[in-house]
Each structure stands twice: as C-alpha cells, then as structure tokens.
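Take the model chain by chain, then look at where the parts meet. Keep the sequence beside the 3D view as you read.

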Amino acid sequence: MAAQPAVVGASVPGTTLPRMDRWKMDHPLGALVVWRAALGIVTLFVVSIVIFLATEVLPGNAAYAVLGHTATPQRLHALEIQLHLNRGLFDQYWVWLSGLFTGKLGNSLANGDPVWGQVAPRLVNSAVLVFISGFVGSIVGVVLGAIAALRKDGWFDHITSVFSLAVTSLPEFVVAIALIILFATVVSHLLPAVSLLPPGTYAWDDPKLLILPAATLVIVIVPYIHRMMRAAMIEALESDYVEMARLKGVPQWRIVLVHALPNAIAPTIQVIGLNYLYLAGGIVIVEDVFNYPGIGQGLVNAVSDRDIPTIQVIVVILAAFYVFMNILTDVVALLATPRRRIVR
Amino acid sequence: MAATTLPAPTRRRTKKPPRHQWLATLGAAARTRRGAIGLGLAGFVVLVAVIGPSVEPYSSTAFVTTPFSQPTGQFLLGGDTLGRDVLSRVLDGGWVLLIMAACATAFGVIVGATAGISAAYLRGKVDGIIMRTVDVILAFPSLVFALLLVSILGPKLWLIVLAVGFTHAPAVARVLRSATLDISERDYVKAVELQGVKPSKVMRSEILPNLISPLMVETGLRLTWSIVLMAGLNFLGFGQPPPTPNWGYMIQENRIGLSSNPWAVIVPAALIALLTIGTNTYTDAVARVAIGVERKPEQAALIDELPIGQAA
C-alpha cells in the first residue's frame, strides 16, 4: 500500500483530470482493490520466476540433481531433453509458464505419470481439509472469544487464555501426535490414525478420515482467532454505543448479538483470513502425519524424490493461494473498517 | 501464587543500569510469574539436551533391546523401532536442534534487522527493493519456502539453518522497518545527521540502541518459530542423517509402534512441546515488560509470521 497517485491531481483546481484519475477519485475503494490485485499479480509473476530459476538453474542442472551419481552422459542428455534443459533459459521459462495455464506440465520424475493428473485430486483433498478446518476453527474461535469477553477475568477466560498461549507455540505434529495417542491408539480407538484413501476416492467419501487432520488444524488456529475476538469484543462491550444501548434498556442478549458482536467480528475477519494462509503451510505436516493424500503430502514426497516438476507446481499453487488470500483479506478488512477506506 | 521473597529493603534498587538495559528487562521478565514459568520450562529442556549426551546410559545408536519393548528397570523408556534405548536417544537427540534453532534465529534476526533498518532509514530505492523482496518471500508459507530451499540445495545441516533463518528475515524486517520509521524522525537523529555523520554510523549508534525492545521480542518469537520449523523439518526427515537421534525424527520413526511403546513418541514430543511453550511464554513476559502494555492479539506469538497486508 505504498504511494496512492489517486489524490495527487486533486489539489490542482481548474485542471481537468484524465478519465482514469477521475475514476480513481470517485471510487477510492475500487482503485485500491485494483491496485492490490495488480500488485498481487506482479508478486505472483516474480514468485513464478523465483521458483523456476531456483529449481531449474541454481543447482547447475536439474537433470544432474535428479540422476545424482547414477548420471551417465546418455541418461543426462535424455533427461535434459525431457526437461527442455537443452533450450534457452527464456524458452524454458515460457514453456513452463504456459504449461501452468494449459495443464501441460510434463511428467513426474518419480513415476513418469502426468504431473497434473497426480496433483489435481490432491488439490481437491487439500482444499476440503483447509476449508473445513478454517470454517470450524473460525466459528469455535469466535464463540470462545466472545464468551471469554463476556465473562472477562472469570474462570472460563483464564482457562482459555492459558490454553491459547500454550497452544499457539506448539508444532502441528505435536498436536497431531497427541490426538492420535488420545483417540486412535493408546488411550482409545475411536478414530482411524491414518487417513488412507483408495485411489479414485475423495475425502468426503469417508468423512471419518477427515476428523483428526481437521481437528489438528482447528486446534492450531483457534487460539489466534480466540485472542483477537476476545480483545475486539471487550472493546465493543466497553464502547459508548453499547453503554447507550444499556441506558436505553436494551436487553442483554440483544446488546451482545446485535450491538457488540457484529462490530467485534469485523476486525476478527482479517485474522481469520490470515489463518487460512497459515493453513496453506500447516497442511504440509498434518497431511504427512495422517498420510492424508493432499498436496502437502505430495510436496513432501516430491522433495524426497527430487521430483522437480511436481515441486514447482505445488509451490506455485500454494503461493498463488497465499497471494490471493492476502488480497482478499486486505479488501475484506477495508470493507469492514470504513475509516481505512480513506486513501492515505 | 508462587512464594516470592522480597529483597532486603536496604538494597539500592534504583540504580540506573545505563549500558545493559536489555539485561535488566530480561531479568525483570524472569521475575514475573509468567516469565518464571516460561524460563523454567525452557531451561529444563535445555538442561536435558545439554547434559543429556554425557549421562546417557547406553550408546544412542547401539541395538540393546527388542524393538518397541515396554519400559523396564534396565531400559527406563523402553526400546525404539530398531531396539535402541529410547532414554539414551532422547538424551542425545536435542542439542543439535537447539544449536541449529539458535543459529537460524540469529541469522534471521541479523539479516532481517539490517534489511528493515536500512529500508526505513535510507528510503527511496533501497526501501522499494527490500520491501518488494520481502513481499515475494512472504508469498510462500515458511515451511514450504524452507522445503523448497532444502530440495534445491540438499538436506545439509547448515543449509537447513540458512533456509529456516531466511524465512524469518522478512517478518523481522517488516517489524523493524516500522519501528525505525518512527525513530528516524526524532530530533536526536536529525541532530546527528546535521553533523554529517555517515548513514551507516547513524543506524548503528543512534537507531539500533533504540530498537532493543522490539528486537528482543522479535528474537524471542523467531526462536520459538525456529524450533517449531526446525523440529517440523526434522520430523519430515530433513535433518541429521539416520542413525543420529533427533527428537523430531524420533516421533516419525517410532509412531508405527505407538501401541507397543508409546514412550518412544511421547517423550520427544513432550520435550519439544515444553520447549516451545517455554520460549513463547517467556517471550510473552519479556514483551509485557519491554513494551509495557499487553500486546495486541494480532501481534501475538507467531501471528506476525503471516504476511499482514496492512503492516507495510
């Protein structure tokens, strides 16, 4: 959100502004969204170059990195042709970038199957996991935060605050292992410890498999949302408009649900958006722990196998999701807080 | 709650500590209940990791018992997946993680702080280049970025340290940039500038000393996050090569035997958990002392790892 050229010409009276600038002045919010989106696309473009250069150029030669000590001149040459390494750098990038849009991403180096055919079902499974845990986590966090704020400094508030301070710093795999111990092996056998899916089936075909991976992610993100919601709700409850409503004799339930809650949720939405970003990274380890067939597990496998085309695609997908959610979060935050709409 | 002994009233406690203000802050944080708990937890784990290698009852790589055997008087935590002594492996498996996390934190904070301070102080092109680089790095989830670097450069230990440290730099840079923007406008900085002091010297001797509080808090957050990230990479199998024990990978290799000998998983997982809870709780106490007010939730531990669009 650096310079905003929109307002520059405004102070000069009598000059007719170019059409574009007039549009920006009339729609400051629209201009801001366009500006953010443009910045996001540029970032994504640079990201794609970074990923491409990093995986194909830096280690000398990707073909050599894959073959390692088994490299013979003939095998190197064959793989170089397969990976288009014999072409110029710009050509290579162009082939790869257009492949991203057409789905022609070549074959996996690990097993020779088409990359997109392997990544697509994983992407679906990961999306299901991310959105379920994000949705449940948001609701749980908002409810817990609101209750904690209503009973500020009560026992519920203290317990949830200590719990959230402790849980925020836990690695996901520790939470996952704790859940496996409690619900899937040592203490009880209520749920499956691994989420193996037969090929051709998706996560929703066996919802039981989703419970533990989703629960892990929910536990990891709830503390952030809880803290934000608690603080925002306390602020709202102590505000003048709530005081006014109290004086008017508005019943307590109405004050909480109609006056305080909507105003407290607005700032919380940004934190919820940030937690979706966090989930994009969090799935990597959680999917590995539960053998859940998503792109996170795909990435770990691809890194172990040095399967470069697969690594590239998954990292681009995750980065695109990251950039997109970032913009969405910004825009939603702008819509939710009117004073931020004023440019600069 | 905890029994606190008041210092003798005659002792002069008002003496001004001019040079090492940050040590005083760390000490004051350790005297709060929160800080004492955090420091105690982290200290316990550090003690286990540091003293461990010299008191392990067996060699951590020797096959001394049956795989996944239950704890006995001879093998207090039972056997692991290959029949090695779990207790010995636990005692030997922490110090590398601690050293690597500390190095990664130092690297990330130094690079990030240098970038953030220079961006804010030098403005213009330098600012633009640094902050756009930050944007690009922040377009990756940090674990994914670390995995990407490891996959390119190979799973060597010092590369893992650099990769983890590098993922921290952008967040540190953002925080310190906004703190510097505030300080560089103050009169004492302007006064020194007018004397013609070089920018690098202004940054070092006028700006940096005033950034100690955010720097301390940021270092604490990064340390916790380094441990989380490092342990995560170890768990995924990117760490020391196999026979050497480390807590993260112990969880991975022993979880198939959870129902026979859960201790081979529970103990390393608990140590990692205590360590991160400890560092995070202590950092929280330091933040309360150093910044004076309760931190806002959006600045809570680890959340500023996430790219906050409005922060730039």
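Among contacts in chain B between residues at least 6 apart in sequence, what percentage join residues at least 24 apart? The figure is 71%. Like everything below, it comes from a predicted model.

Stay with chain B. Its secondary structure comprises twelve helices and zero strands. Read along the sequence, the pattern is α-α-α-α-α-α-α-α-α-α-α-α. Chain B has 312 residues, and buried residues make up 51% of them.

Now turn to chain A. Chain A has 344 residues, of which 40% count as buried. Its contacts can be sorted by sequence separation as well. Of those with a separation of 6 or more, 69% are between residues 24 or more positions apart.

Chain A also splits into parts. Domain 1 covers 23-102, and domain 2 covers 118-338. Where the two domains touch, domain 1 of chain A contributes 16 residues and domain 2 of chain A contributes 14 residues. Look at the domain 1 side of that contact. Two or more residues each come from helix H2 (28-56) and helix H3 (62-67) of chain A. Which of these elements gives the most? H2(A) does, with twelve residues. By class, the domain 1 side has eleven nonpolar residues, four polar residues and one charged residue.

Next comes the contact between the chains. Chain B supplies 48 residues to it, and chain A supplies 50 residues. Focus on the side that chain B presents to chain A. Four helices of chain B each supply at least two residues there: helix H5 (124-137), helix H6 (142-153), helix H10 (212-235) and helix H12 (263-291). H12(B) gives the most to this side, with ten residues. How does the chain B side divide by class? There are 32 nonpolar, eleven polar and five charged residues.

Within chain A, H2(A) leads on the domain 1 side that touches domain 2. Between the chains, H12(B) leads on the chain B side that touches chain A.

Note on methods
Residues numbered from 1 in each chain as written. Chains lettered and ligands numbered in written order. Predicted model: local features only at pLDDT ≥ 70, side-chain atom pairs only at ≥ 80, totals over all residues. Domains from an automatic or database assignment. Contact = placed C-beta atoms within 7 Å. Nonpolar A, V, L, I, M, F, W, Y, C, P; charged D, E, K, R; others polar. Buried ≥ 20, exposed ≤ 12 C-beta atoms within 10 Å, placed from the backbone.
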